[in-house]
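Please work through the exercises below with the sequence and the structure at hand. Try each task before reading its solution.

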Amino acid sequence: MSEPLLQVQDLSVAYGRTRVVSDVSFEIPVGGSLALIGESGSGKSTIARSVLRLLPRHQARASGAVRLHGTDVLSIPERRFRPLRGRTLGFVPQDPATSLNAVRRIGSQAQEAAALTGERDRRARRRAVLDVFERVGLPDAERVYDAYPHELSGGMLQRVLIGLTVLPRPDLLVADEPTSALDVTVQRRVLDLLTGLRTELGIGLLLITHDLAVAAERTDRIVVLREGRVEEAGPTAQVFTAPRSQYARDLQADVPALNPDRYRGDRVPSPGPARLELRGVTKTFATGTRALDDVSFSVPAGTTHALVGESGSGKTTAVRVLLGLEQPDAGQVLVAGEEVQGRSHAQLRGTRRHLQLVYQNPFTSLDPTWRLDALVREPLDRYGIGDRAERERRVAHALTAVGLAEHLWRRRPTALSGGQRQRVAIARSLVLRPDVVVLDEPTSALDVSVQADIVEVLVALQRDLGLTYLFVSHDLALVRQFADTVTVLRHGRVVEEGPVERVLTDPREEYTKALVAAVPRPALPAEPALGTWR
Amino acid sequence: MRGYPGFAARRVGQAVVVVLLAYVATFVVISVLPGDPVTNTLRNPENGFTEDQIARIVSYYGLDRPVPVQLWESLSRFLTGDLGVSLRSNRPVSESLLEVLPSTLTLAGAALVVAVVLAAAIAVGTQVLPRGAGQGVLRSLPSLFLSVPNFVIGLVLIHVFALQLSLFRIIEPDSAWATTFAAVALGIPVSAQLAEVLIAGLDHESRQEYAAVARSRGLGRGRLLLRHLLRPSSLPVVTVLALTVGELLGGALITETIFGRAGVGSLVESSVTTQDLPVLQAVVSLAAVVFVVVNLVADLVYPLLDPRVRTPRSTVVPREELSPA
Amino acid sequence: GGGASGADSASGSGKAKQGGDIVFLIDSLGDTWIPDNSAISSFQGNVWGHVTDKLVYVDGEGEVTPWLAEKWEQNENATEFTLHLKSGVTFSDGTALDAAAVVANLDYWAKGQADKGVNPIGLFPKTYLQASAADASTVVVEFSAPTLGFIPTLGYHGSILISPKTIALPTEGQADLSQVSGSGPFTVKSWKEGDNVVLTKRADYAWGPQALGKTDAATLDTITYKIVKESSLRTASLQSNQADVVFNATPQELDGLKGAGFTVATPRYLGFVHGYRLNASVAPFTDVLVRQAFQHAVDRDEILSTVYTSDWKKAESFIQSNVPEATDHSAEFTHDAAKAKALLDQAGWVAGADGKRSKDGQPLAVTLFPNPYLVTSQAIDELVAQQLGAVGFTVDLQTFDVVTYGQRVTGNKTLSNYEVTRSFIDVGTVASILTSANKGEDWFGLGESDQTLNQLRDDVAGAVDEDARTTSVDQLQQYVLEQGLFIPLEQIVQRIYASRPDLKGVSYNGVAYANFYTAHLEG
Amino acid sequence: MSGTITATRAQTPAITRGSAFRVPPTVVLSFLVLAVVVAWSLAPGLFTHQDPVNGVTADKLLGPSAAHWFGTDHLGRDEFSRVVHGTASSVTSALVAVGIGVVVGGLVGLLAGFLGGLVDVVLARVVDVLLAIPSFLLAVIVVSSLGFQTINAAIATGVSAVAVFARVMRSEVLKTRRSVFVEASFLQGGSRTHVLLRHVLPNASRTVLALAVLQFGLSVLVIAGLAFLGYGDPPPASDWGLLVSAGKDYPTAPWLVYAPAAVTIATVLSVNRISRWLRGTD
Ligand SMILES: Nc1ncnc2c1ncn2[C@@H]1O[C@H](COP(=O)(O)OP(=O)(O)OP(=O)(O)O)[C@@H](O)[C@H]1O
Ligand SMILES: Nc1ncnc2c1ncn2[C@@H]1O[C@H](COP(=O)(O)OP(=O)(O)OP(=O)(O)O)[C@@H](O)[C@H]1O
Ligand SMILES: [Mg+2]
Ligand SMILES: [Mg+2]
Ligand code: NI
């Protein structure tokens, strides 16, 4: 074989004095593909940016070698590197919404990409752009060309970006989590597009992802990173089926799609009476959006009920109606068999005590000016529960229960990681000893390993305290691990409902099928963990 | 009323209310003190006027009527466009104002140009210059500009350029050079604010993903700056610019005094010391009108610059951002 | 030269040039061009003096000589005056300056125009009854009481003759300088409020005052008055040849200017010296001993040497020494701190540990109010505060702008002192201000209680001949000073001029205004 | 509760960027400058032994020297001593101005933002009026109506800053009020007052604090500007602005302008630097 397309050798990168990537080496042959995986902050993006020479100019220092067709891109001057940009080296960014200039039309930005083909005629370039737009499956290419970025959906924008990147036929695509900002159902289509174009055009791929399943499904080789070092590397099949390092094994175990029955044993399958119930709830916002349309479901005590559906399907609205944060236009909300509607403020307060909410985003749901213990004590203070000592005791208990060590208690949220913050939010919801905890996508802002930690905490609490969970998620694999029953929402309507086992293995509706299909399946020899539901 | 016409009508209505309130507020503030240039001169014991003489003259100016009546009369005159007569110079206020307005507008306009050019130069410099001493100096310039009392800037400019270098004559404050330097003195603090916003904007934009994407397509630094970064970064500048118009008028007070320009600022200065209410009311209303109009225009122009607000705002509640896992 | 009065043409060495334009920098041009409506006319006076004439000319020594009034007579008890006007005089709008015009002006000065909001002249004798035109060039003026001061008052800078057409204008018109028409050697070419006034010479002018030795048209072509508020910038402009004359340079700068060859003039007006009048009805000045202590505590030499230059003269009385009736009484106010302390001891004011005196728990406190019309006033008051502090007074300063000063200080009978900066043309004014009689200003707060003062006042006011009045004025000065009712500081110079070396022949009248009618450039 | 979850991998404390406490050297310098200024205002006597009020007239207008660091003024007083003794008043008046802005503006913004509705509409118009009048013009008018003293200049400056604080406070309150953690607090049974006092106010006050620091610097300049126009305390007061404006009349003694101006600039520059640092914009 000739020289590799990309060769990374002993790459180290430091931001200021902190070294975040150490001695990383790997290779991609011409037309080959490689996935970089690892938890958040492990240095994946930093490596991608070193390859692209897009590291922040003044803060980062890189050493080692990054060879593209044998040329060390780190040592050549920008003047010589610039011709490689776009033409040899294409970049597909993570978040399509922020990757195009919001104040310029798509067309004018596309012209910049088309110019890389060497075409001099503006109209010819325009035709080339329209071609590629059609090729990536954008329905109305002309309209897209004249649009501003904010007028397109995330999926469309990512298609635009991919189209523009492949237009000059680069030899290597660097894709940094190209779908993590997109909707579940869209993710799969975009990945399909990317890998399809790749094989068709013979482009090499450096794919960055935190999702082991995606990596396994899409690439030939995998490099597992941890704290900036290569923990393990090798052909996909090898790393995936027989991980050698403990870290890679953990990582694998944490991916819900690969371990659907992880928590099965912990479950108490003895459903009690309905603890929560929505009956024919309809909600239309002042803007005319009908977020909920005749939605009914019930949650038996001591079980976990999941609400799933794509973005905007009304999951959060259902939760807010349940908690009395929004008033439904029609229908009833029952908590422990009693109607919430029309209750006085004081009564509502009493109900809420037993009904706690954990928000999706741990970065915004905690007051950044408060310390941990105060945050967790707040509901006790507000409801005037116990004396000082009693409260202290309860706070300590709750914080310990979610696994937060005592040295963290006097910190403020800004000094915590995302996973730790979400634990604080859970502790805060538990300190009142509620019966029901509503979890609105509690882990979607966190990476898999942290997600696994949190789910573990939740499962253990349910087991020990007999809590009832209403669990909102768009991740069917996670739902499968965690929930007992599920309601599938689409455009505010209930599409399908029933026990998780049934709905996910044998979906009846097209929409549910599409959702199930979106779960990544590594194209690998079947192995026991995967067998149960495929 | 819904939609744009409703919005515009509301905005204009608010603007009118603001101007009227400003007019009344000036009246109230100035009327707190029982005194005016007329009675002040008349009551000076050195003149020895009789009570009868004083009363007759005071009644000519209407100053003997109860304050609410005076306010009402002046307000109804104002609504018909009559700004009244100066108590100090006995000239119609509109005449005095029209006489000095061109000078102030020239100054403020020139200062605005100076401010924008200076701010743009500094901000672009911070992006183009290599990191190091040069950039450090550029980045601290706005802070420095904001820390120097503007009368000191004015005095220094005059001493250096008019007296040492004889670039302009103090007695010809309306000459091109004199206006330029006055504009520099007035524009420097404003440029500092603009530069701060612009630098922050450029820094912010250059950290955005789209900048990286554009660079990954081989765009050079200069083209990136011109074609991509400058436009979105200057959006907040428009808003700040509109807000600083008032500052230019306020700052003109000192600058005009120092440079010996006869303008609105120096008119205010002499009117304030004599409590010449009609002039002050007129100037305040004028300033309020200018401010309100400029901000109205800024609001109307903004959508032309930012396509995101051009389409009716998306009505979705602000979503929790999905941070990348 | 300094302290110039009269035309100073003696020092000319070069040859007089015909024509020429000068630029005059001034801190302000005042509030309004309606002469009598202005609170301070010390700025407008510069312009008025060139565009208008007066009936008489009063020079820097107080001598009254004919101008547009060629001669005048008075009746025995000085209640009726007859003025004989020069003929052929016209205003710049073409109107003849005849008896009717003078009568209109006299009425305008005396009564103002209440229906147009125009004030009378403050200084004009309140005893005025009426004036009438006996014929085209004769005016008869009647008063209700002896008014010796009438004729000198005609030389006051506010007593300017303007065209009856101007007087007939509505208020806004009178306030518009370009519509004001006088008979002076210059006319207004253009003006911009708050900025400048350009005067241009009137070619057919032929009625200058005899006293100035020139009656024909002015030599200079134009005078541009330009406002430059910053005093340091005015001086600097002169030094860099950007201006020809500057008004009110700070005294500190004068030596430098003189050293650089510029001409400096510090003409004194006729009037009171700069000083404090003390209110004998307000503590602590109810006690004559305290007033006298004040009188001796002030070190006038230190003030002159610190704040001023050698151009300033020591006070010799409480009126300026160029007033014809002034006499030297400086022995009454020597600097003698020991004497001041002794006087205070004698009055029962005991010095405490910090040197400050008090009596019955009351501190010996004085608040001074620097006069906003005199730039050096603050510095002087600060020095006086130090000097008074040295003998045991506790001194405070309160500064106000012109308007607030007018409201809170001027005429406020409850304040213990008032800083005087005041000109008069005729010494008779003195009588009308000392006590409360005849709506007098009651300067010392004594009302009618001081018999000696009352007597002296009556002697001065009722005098029908000059010699008798001079004697009474001398006694009055002696009495006021020894009683410590007036604390003189220095002979006041309220108008300071600095000009380029080759500008010669400038004359200064009794109210210390520079007159460029007589001036020329040498080359 | 008995369930204790074994602490797992995510237990390593988060390394948040910049959590290592590092203060840039220029900020340290700025704090030093402010420390000197504060010391001058608290105990001026420790820094100079010369009389700021009574001078030696024979020594008037001397240039800077070892005996007189900033030279002497027209009455022979030591300018350095006058600067030092004028610090307290300069600092206090700026503090008064900021105090008025923060308290009045903050309250207006807080009420408008938190109560909303009619209160918001009415207060918004008031703030609009204050904004529409150029702040320096407003300050000049207010001070002329209150009387020409430094304290009144400070009040006027404060009044003209009210609008800025009200606006910032209002937008911060609105931002905070819409934030998820405030809704969370309502769900935890928090009352409106509790949420206002414990969540909204502390969060909003961060920005307001940075603005207050910035406004302190601005106030020093505005008050100096007012003093320059003659709206300050009577002598022998020696506020920095008064010193500059008095000094400008003595062109032969330029140090009378430059020394107090330099002190003013250094102070304002330091304050601005600290404000930027507080806002974290570098
Ligand atoms: N500009 C920067 N300055 C300083 N530190 C940085 C910078 N960018 C990233 N880092 C740090 O470098 C480390 C690696 O970051 P990087 O973005 O490469 O991680 P990642 O693996 O891409 O994580 P994620 O999955 O969250 O995207 C992190 O600790 C991050 O905080
Ligand atoms: N306050 C509101 N005003 C107007 N429209 C709203 C409001 N809240 C939600 N909507 C709209 O209602 C629909 C359902 O929104 P909701 O937040 O419940 O979706 P979701 O299923 O939770 O989506 P995601 O997965 O993105 O969180 C969306 O179209 C949304 O734009
Ligand atoms: Mg990343
Ligand atoms: Mg949601
Ligand atoms: Ni327990």
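This is a predicted model: local features need pLDDT of at least 70, side-chain atom pairs count only at pLDDT 80 or more; totals for chains, interfaces and linings use all residues.

**Exercise 1. A helix in chain A**

Task: Work out what span helix α15 of chain A should have, and compare it with the distance between its end C-alpha atoms.

Solution: Begin with the extent of the helix, which takes in residues 418–430 of chain A, 13 residues in all. The expected span is 1.5 Å times one less than the number of residues, and for α15 of chain A this gives 18 Å. The end C-alpha atoms are 18 Å apart, so the expectation and the model agree.

**Exercise 2. Where chain D meets chain C**

Task: Describe the interface between chain D and chain C by its contacts, its buried area and its salt bridges.

Solution: Start with the contacts, in which 19 residues of chain D take part, facing 18 residues of chain C. Next comes the area buried between the two chains, which is about 1,700 Å², with carbon and sulfur atoms giving 52% of that area. On the side of chain D, the residues that lose the most area to chain C are Thr57(D), Leu75(D) and Pro235(D), which together make up 30% of what that side buries. Then turn to the charged pairs: there are two salt bridges between chain D and chain C. Arg77(D) forms a salt bridge with Glu382(C), and the closest N and O atoms of this pair are 2.4 Å apart. By class, the side of chain D that touches chain C consists of ten nonpolar, four polar and five charged residues.

**Exercise 3. Backbone details in the loops of chain C**

Task: Locate Asp442(C) and Ala512(C), and decide whether each is buried or exposed.

Solution: Asp442(C) sits in the loop between α13 (429–434) and α14 (451–462) of chain C, and its phi is near 50°, a positive value in a residue other than glycine. Because buried means under 20% relative accessible area, Asp442(C), at 13%, counts as buried. Ala512(C) belongs to the loop between β24 (507–508) and β25 (514–515) of chain C, and its phi, also positive, is near 70°. With a relative accessible area of 1%, Ala512(C) is buried.

Task: Which kind of peptide bond joins Ala283(C) and Pro284(C)?

Solution: The bond is a cis peptide bond, with omega about 0°, and Pro284(C) is placed in the loop between β14 (274–278) and α8 (288–297) of chain C.

Conventions: Residues are numbered from 1 along each chain as its sequence is written. Chains are lettered from A and ligands numbered from 1 in the order in which they are written. Side-chain values use heavy atoms; hydrogens and water are left out. Helices (H or I, at least four residues) and strands (E, at least two) are DSSP runs, numbered from the N terminus. Contact means heavy atoms within 4.5 Å. Buried area is the accessible area (1.4 Å probe) that two parts lose on being put together, summed over both. A salt bridge is a side-chain nitrogen of Lys or Arg within 4 Å of a carboxyl oxygen of Asp or Glu. Ala, Val, Leu, Ile, Met, Phe, Trp, Tyr, Cys and Pro count as nonpolar, Asp, Glu, Lys and Arg as charged, and the others, Gly among them, as polar. Buried means under 20% relative accessible area, exposed over 50%, partly exposed in between (1.4 Å probe, protein chains only).
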